[in-house]
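Please look over the ligand site of this predicted model and report on the contacts, the pocket and the backbone.

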Amino acid sequence: MSETTQTRLLIIGPPGAGKGTQAARIAERYGVPAISTGDIFRANIKGQTELGLQVQAIIKAGELVPDSLTNEIVRDRLHQDDAAGGFLLDGYPRNVEQVHALDGMLEGDSLDAVVLLKADTDEVVARLMKRAEIEGREDDTEEVIRHRQDIYAEQTAPLIELFTERGILVSVDGLGAIDEVADRIASALDAQLAK
Ligand code: ADP
């Protein structure tokens, strides 16, 4: 994975900020696959695979899947052909250990840009409660939603400073219509990638 033509992106933000929706837009714009660890886990739970059975209870409780397992899944996914020209990660890395694991996988080719999708806690909790009614995700109960927010604050939010220090963080307000937010991300990312 050393070609310079790769576009390696990450979208980060609290649960409920709209990362999945915006990830699809970004992936289309830059012609890379959107890789969501949450989606991979949910597909495995649905298909009742060995991995699915291993992670089901953890995800339902809003805990993080162990790093060893998560890192292996991402390593495999990044080696698939469609990721040869780059990728957009969504939901990974989620803690400092996972950042180090990803650094190792990229063998010195670091991420080109990290989009931070900002949204305040009251807004994201409200959005997730609404999504719970529509999608019925098992981890969208109020208690688990709050737990996921706490884990984000403790383990994932510190990565913002780390990526800021690396000079690759672009911060975007996640509040507003989907198209509006997508336009904001596109201009911020274009500017960062042109650097
Ligand atoms: P959200 O960010 O809205 O909570 P995700 O789909 O990103 O939703 O993640 C859902 C769940 O999947 C997480 O709460 C966690 O249990 C598990 N998960 C996803 N990505 C990771 C990761 N990188 N490390 C550990 N667990 C993860």
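The side chain of R148 places an N or O atom 3.0 Å from an oxygen atom of the ligand. R94 brings a polar side-chain atom to 3.1 Å from a ligand oxygen atom. T37 has a polar side-chain atom 2.7 Å from a nitrogen atom of the ligand. A polar contact is a pair of N or O atoms within 3.5 Å; within protein, one must be able to donate a hydrogen and the other to accept it, and residues adjacent in sequence count only if both atoms are side-chain atoms.

Alone, the ligand exposes 540 Å², and the protein buries 96% of that. Accessible areas come from the Shrake-Rupley method with a 1.4 Å probe; for residues, only the protein chains shown count as cover.

## Basis of the model

The model is predicted: local features need pLDDT of at least 70, side-chain atom pairs count only at pLDDT 80 or more, and totals for chains, interfaces and linings use all residues. Residues are numbered from 1 along each chain as its sequence is written, and side-chain values use heavy atoms, without hydrogens and water.

## The ligand shell

The ligand is surrounded by 19 residues; T37, R42, E63, G91 and Q98 are the closest. Here a residue is near if one of its heavy atoms lies within 4 Å. The shell holds eight charged, six nonpolar and five polar residues. Asp, Glu, Lys and Arg count as charged; Ala, Val, Leu, Ile, Met, Phe, Trp, Tyr, Cys and Pro as nonpolar; the others, Gly among them, as polar.

Helix α2 (residues 37-46) gives the most to this shell, with four residues. Helices (H or I, at least four residues) and strands (E, at least two) are DSSP runs, numbered from the N terminus.

## The largest pocket

The ligand takes up the space of the largest pocket. A molecule sits in a pocket if more than half of its atoms lie within 2 Å of its grid points. A pocket is an open set of points on a 1 Å grid over the protein atoms alone, where a 1.4 Å probe fits, with protein on both sides within 12 Å along at least five of seven lines; lining residues have an atom within 4 Å of a point.

α2 gives the most to the lining, with five residues. By class, the lining has 18 nonpolar, 16 polar and twelve charged residues.

## Backbone

The Y92 to P93 peptide bond is cis. P93 is in the loop between β3 (86-90) and α5 (96-106).
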